[in-house]
Amino acid sequence: MFGYIRPYKPELKMREFTRYRACYCGLCKMIKQDYGEIPRYSTTYDLTFLTLTLLALDPVDYGQNLERCFFHAGQKTPVARPSDPISYVAGLAVLLSYYKILDNIEDRDKPVQSRLAHTAYKSSYKKAKASFPEEEAIIKEAMADQARVEVLYKNSDKPELPDLASEPFGKLLAELLLKVPDRLPGLGLKKGDAKALSYMGLYMGRWIYLMDAFDDLEEDLKTSSFNPLAAWEDPEKLREALGQKLISYEEEMNLALELLPFQRDQSILRNITQMGLPYVSETLFAGQKQPRV
């Protein structure tokens with residue numbers, strides 16, 4: 001995934017930021033534990049949001065430990081304790097990263113680095129596929145759907161419409177999250193909860209896809225790579241139309257979140273969807289880079 005789903009740090013309380021970082025580090029360490037050192041680079045803010053969401057739904061509060069981390073200069077840092085929800089997200093992280101690498105190879109995006117990454121991830125991918133075969137099949141089919149949609153999009157008489165291009169990735173996250181109750185029965189989610197979680201994934205995926213498309217637009221225009229926003233000739237009209245579309249997706253995500261039976265951390269999740277997402281789009285529209293959280 002891409003790292004656009006992030007909190008608005010100035011409005012987070014210290015304990016909330018500590019909790020968020022603990023989930024980020026907990027996911028990173030779980031990936032290392034389950035799949036090895038190299039796949040730790042699969043840790044993103046998007047997947048941290050998913051980790052935080054699943055942990056917030058769990059009746060059990062696993063808490064966190066103070067542990068040393070190589071990426072923090074050997075200092076002890078709060079880390080969410082290992083749990084089934086984090087292990088599940090770790091598996092998804094490896095699978096999503098692997099297929100992203102395959103997509104980069106297909107698009108000839110940094111071909112040398114992408115092929116090296118493919119080799120490095122291969123064994124971890126096989127392990128994740130063995131653990132989560134149904135999820136792997138969903139991701140594989142979604143990537144094929146994305147390729148088909150791009151062909152349809154290029155031939156569309158209304159190529160400015162973004163929903164067509166963003167649908168496969170939205171559907172991908174929706175189908176993955178729909179499986180959460182079966183994969184994580186300890187959460188005790190009901191049928192309606194699964195639908196709400198899936199609905200959130202649908203609009204989260206669409207939002208991520210379009211945000212990534214805008215972020216990559218300038219480079220894609222230079223390299224003549226596919227981008228669903230390339231048909232827009234007026235930058236101001238593009239930002240206006242895209243901004244409205246992103247806001248509608250954010251509203252749907254917020255609606256879904258309010259329907260879920262969270263046990264904790266609602267304030268952090270609301271910070272991300274109600275403040276973090278608008279801030280990300282505003283800064284990217286202004287041509288600014290995203291700071292680290």
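**Notes on the predicted model**

1. Asn271 counts as buried, at 2% relative accessibility. Keep in mind while reading that this is a predicted model. Asn271 has its place in helix α10. Leaving aside residues up to four places away in sequence, Asn271 touches Pro7, Tyr8, Glu11, Leu12 and Gly276.

2. Staying with that helix, look at how α10 (residues 266–285) packs with α9 (residues 235–258): the angle is about 170° and the axes are 10 Å apart. Angles over 145 degrees count as roughly antiparallel, and α9 and α10 are therefore roughly antiparallel to each other. On the α9 side, the contact is made by Arg239, Leu242, Gly243, Leu246, Glu250, Met253, Asn254, Leu257 and Glu258. From α10 come Leu269, Arg270, Thr273, Gln274, Leu277, Pro278, Ser281 and Phe285. Sorted by class, the contact of α9 with α10 has eight nonpolar, five polar and four charged residues.

3. Now for the rings. The count of aromatic pairs comes to nine. One of them is Tyr88 with Phe132, an edge-to-face pair with 5.4 Å centre to centre and 80° between the planes. Tyr88 lies in helix α3 (residues 84–106), while Phe132 is in the loop between α4 (111–131) and α5 (133–154), so this pair ties together parts that are 44 residues apart in sequence. Both Tyr88 and Phe132 are buried.

4. Tyr98 and Tyr125 have another geometry to look at: their ring centres are 3.8 Å apart and their planes are at 10°, so the pair is stacked. Here too distant parts of the chain are linked, with Tyr98 in helix α3 and Tyr125 in helix α4, 27 residues apart. Buried or exposed? For Tyr98, the relative accessible area is 7%, so Tyr98 is buried. Tyr125 is buried as well, with a relative accessible area of 10%.

5. Last, two spots where a charge meets a ring. The charged end of Arg21 sits over the ring of Tyr24, 4.8 Å from the ring centre. Lys127 does likewise with Tyr35: the charged end of Lys127 sits over that ring, 5.7 Å from its centre.

Technical notes:
Residues are numbered from 1 along each chain as its sequence is written. This is a predicted model: local features need pLDDT of at least 70, side-chain atom pairs count only at pLDDT 80 or more; totals for chains, interfaces and linings use all residues. Side-chain values use heavy atoms; hydrogens and water are left out. Rings of Phe, Tyr and Trp (its six-membered ring) pair if their centres lie within 6.5 Å; planes under 30 degrees apart count as stacked, over 60 as edge-to-face and the rest as tilted. Helices (H or I, at least four residues) and strands (E, at least two) are DSSP runs, numbered from the N terminus. Buried means under 20% relative accessible area, exposed over 50%, partly exposed in between (1.4 Å probe, protein chains only). A charge sits over a ring if NZ of Lys or CZ of Arg is within 6 Å of the ring centre and within 35 degrees of the ring normal. Axes are lines fitted to C-alpha atoms, for helices over the stretch in contact, and angles run from 0 to 180 degrees between N-to-C directions. Angles under 35 degrees count as roughly parallel, over 145 as roughly antiparallel, 65 to 115 as roughly perpendicular and the rest as oblique. Contact means heavy atoms within 4.5 Å. Ala, Val, Leu, Ile, Met, Phe, Trp, Tyr, Cys and Pro count as nonpolar, Asp, Glu, Lys and Arg as charged, and the others, Gly among them, as polar.
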